[in-house]
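Morning, everyone. Today I'd like to walk through the salt bridges in one protein. Here it is on the screen.

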Amino acid sequence: MSSPLAKPQIIAHVQKSLNYTVFDTKWIPCSAKFVCMGNFPRGTGVMQIYEVEHGDAQLIKEVEKPKPIKCGTFGATSLQQRHIATGDFEGNLNIWNLEMPEVPVYTVKAHKEIVNSIDAVGGLGIGDGAPEIVTGSRDGTVKVWDPRQKDSPVANMEPIEGETKRDCWTVAFGHAFNDQDRCVCAGYDNGDIKLFDLRNMSLRWETNIKNGVCCVEFDRKDISMNKLVATSLEGKFHVFDMRTQHPTKGFASVSEKANKSTIWQVRHLPQNRDIFMTAGGAGNLHLWKYEYPAQRSKKGSDDMDVGVAGSVNLLQNATLSTQPIASLDWSPDKQGLCVCSGFDQSVRVLIVTKLNVV
């Protein structure tokens, strides 16, 4: 029997109570700082920057904004600028220079309703091609923005006339491995997952996982599509093998039930794409490892290639709170360092050990 200490441990390093509801937290690249976004009880938005030092997190900057901030990403900025793009409750997309966060450096009315989710690629040296930001909204649309182009999106994925508008809960970029190719994956409240090919401006694949899709993430944005994890209500997540697409069966997948409560987030470890963490509605975190099958594809009865799903192993879990953990972000620079926030109005810096030996 291996000792339980040989497994990765999830250690709460710093815990901070906040005086507002926090929706998203992100590490600032190449720093020991992170930014928290949310809304004050009086209905205004807030961004706070913390720096981790000597076992504590010091508040170094706080700015109040007119509208509550739902989500943020650094993915479209350069390492020199480190500007954050945010989506708010009014449907605005703003880009902020955190050195001077009073006025946005870019702003556009992106959606008619709240921006639920945001992702970006082409910055930070991650993903080839233009710096682009994708937003998903309650108004049912998914839009792709180039910050160098004002006012109008470079792509707009919306329901056709007469089709029911579904609430888009989550968006993610992937497949950005050269200057031409790029995909956006979107998850909706009715369980739909849609994969849009931005090169051909077409819907490449869609499926339904029968439960609202809370979060989707590719294991890497800047490689030819490899794996996609989708989390849902009622504690289930699905891992799709994105290497082999069958014309009718689509992508092979394996599903796992973490617990009975919503899985709000999934985040892949930047240093190892086969390890990922899910954050749940019962205040818990689960650390998983994906194991590939002996062969990733085989010939089907129709003589077409069909994918073979692998398996998922639970490495460790921890309960941090009685309230949902709604956001999670790994440090891109320090393996095993992550920050998460929950609806208990707390932000926590965690250290996950032994990730290099699993």
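Start with R296: it is partly exposed, at 22% relative accessible area. What does R296 pair with? Its side chain meets D241 in a salt bridge, 2.9 Å from N to O. D241 sits in strand β20, residues 236-246, and R296 in the loop between β24 (284-291) and β25 (297-299), so this pair ties together parts 55 residues apart in sequence. Is D241 buried or exposed? D241 is buried, because its relative accessible area is 1% and the cut-off for buried is under 20%.

Keep in mind that this is a predicted model.

Next pair. K221 and D119 form a salt bridge at 2.8 Å, N to O. K221 is in the loop between β18 (213-218) and β19 (227-232), D119 is in strand β10 (residues 115-121), and so the bridge ties together parts 102 residues apart in sequence. D119 is buried, at 11% relative accessible area. K221 is partly exposed, at 22%.

Third pair. E64 bridges to R42, with the closest N and O atoms 2.9 Å apart. E64 belongs to strand β5, residues 56-65. R42 lies in the loop between β3 (33-39) and β4 (45-53). The two residues are 22 apart, and the pair links distant parts of the chain. E64 is partly exposed, at 40% relative accessibility. R42 has 60%, so it counts as exposed.

How many salt bridges are there in the whole structure? The search finds 16. There is also a network: D219, K227 and D274 are joined by salt bridges that share partners.

Note on methods: Residues are numbered from 1 along each chain as its sequence is written. This is a predicted model: local features need pLDDT of at least 70, side-chain atom pairs count only at pLDDT 80 or more; totals for chains, interfaces and linings use all residues. Side-chain values use heavy atoms; hydrogens and water are left out. A salt bridge is a side-chain nitrogen of Lys or Arg within 4 Å of a carboxyl oxygen of Asp or Glu. Helices (H or I, at least four residues) and strands (E, at least two) are DSSP runs, numbered from the N terminus. Buried means under 20% relative accessible area, exposed over 50%, partly exposed in between (1.4 Å probe, protein chains only).
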